[in-house]
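The following note sets out points for a colleague who wishes to read this structure with care. Each point may be checked against the sequence and the coordinates.

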Amino acid sequence: MLESFTAYATLHGLITMGGVVGIALLIIFGRSQPASRQTLIYGWIAFVVVVQIVRQVSGNLPGNFDPQRSLPLHVCDIVPWIGIFALLRPRPWSLSITYFWGIGLSIFAF
């Protein structure tokens, strides 16, 4: 299915809308259940860690490794890890980097 993925096609729109709906549902749930906020944060951190590990390992396997795509380390490879730090220890620098790098520099990675 990914071989036939075309930017700005119907599938691209559906995936984007699914992401937007998922994010909205997480926000609504997190605000309506303040006691479960920490559970939601730790669940999101676990999800990001698993996705990043799978992505990095599968992208660097001998059959998938392409030096032009895999090297150098891109901003969208670093932002999730800073985002995890921002969730665990919210500091102005980590929140700012996550916001500006995540939205401004990594928007096409999503």
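Predicted model: local features only at pLDDT ≥ 70, side-chain atom pairs only at ≥ 80, totals over all residues.

1. Overall architecture. The secondary structure of the protein consists of five helices and zero strands. Read from the N terminus, the order of elements is accordingly α-α-α-α-α. The C-alpha trace spans about 45 × 30 × 25 Å along its principal axes.

2. Confidence. The average pLDDT of the protein is 83, and 92% of the residues score at least 70. Among the elements, helix 4 (residues 75–88) has the highest mean pLDDT, at 88, whereas helix 3 (residues 67–70) has the lowest, at 76.

3. Burial and contacts overall. The protein has 110 residues, of which 15% are buried. Its accessible surface amounts to about 8,600 Å², and carbon and sulfur atoms account for 73% of that area. Of the contacts between residues at least 6 apart in sequence, 41% join residues at least 24 apart.

4. Glutamine 52. Is this residue of the protein buried or exposed? Glutamine 52 counts as buried because its relative accessibility is 8%, which is under the 20% cut-off. Glutamine 52 is placed in helix 2 (residues 37–59). Leaving aside residues up to four places away in sequence, glutamine 52 touches Asp77, Pro80 and Trp81.

5. Proline 72. This residue is found in the loop between helix 3 and helix 4. Proline 72 has a relative accessibility of 56% and therefore counts as exposed, the cut-off being over 50%.

6. The nonpolar surface patch. Which residues make the nonpolar surface patch of about 790 Å²? The patch is made by Leu73, Val75, Ile78, Tyr99, Phe100, Trp101, Ile103 and Leu105. Helix 4 and helix 5 (92–105) are the elements that give two or more residues to this patch. Helix 5 gives the most, with five residues.

7. Isoleucine 103. One of the residues of the patch is Ile103, and its place is in helix 5. Isoleucine 103 has a relative accessible area of 48%, so this residue is classed as partly exposed; that class lies between the buried limit of 20% and the exposed limit of 50%.

8. Aromatic pairs. How many aromatic pairs does a search of the whole structure find? The search finds three. One of the aromatic pairs is formed by tryptophan 44 and phenylalanine 47, with 5.4 Å from centre to centre and 35° between the planes, and this pair is tilted. Both residues lie in helix 2, where tryptophan 44 and phenylalanine 47 are three residues apart, about one turn of the helix. Tryptophan 44 is partly exposed at 39% relative accessibility, and phenylalanine 47 is likewise partly exposed, at 46%.

9. Tyrosine 99 and phenylalanine 100. Why is the pair of tyrosine 99 and phenylalanine 100 edge-to-face? The planes of the two rings stand at 85°, with the centres 4.9 Å apart, so the pair is edge-to-face; the class requires planes over 60 degrees apart. Tyrosine 99 is partly exposed, with a relative accessible area of 48%, whereas phenylalanine 100 counts as exposed at 55% relative accessibility.

Definitions and conventions: Residues numbered from 1 in each chain as written. Heavy atoms only, no water. Helix = DSSP H or I, 4+ residues; strand = E, 2+ residues; numbered from the N terminus. Buried < 20%, exposed > 50% of the residue type's maximum accessible area, 1.4 Å probe, protein only. Contact = heavy atoms within 4.5 Å. pLDDT = per-residue confidence, 0-100. Areas by Shrake-Rupley, 256 points an atom, 1.4 Å probe, with all protein chains shown as cover. Patch = residues over 30% accessible without salt bridge, like charges linked within 9 Å, V, L, I, M, F, W, Y side chains within 5 Å. Salt bridge = Lys/Arg side-chain N within 4 Å of Asp/Glu carboxyl O. Phe/Tyr/Trp six-rings, centres within 6.5 Å; stacked < 30°, edge-to-face > 60°.
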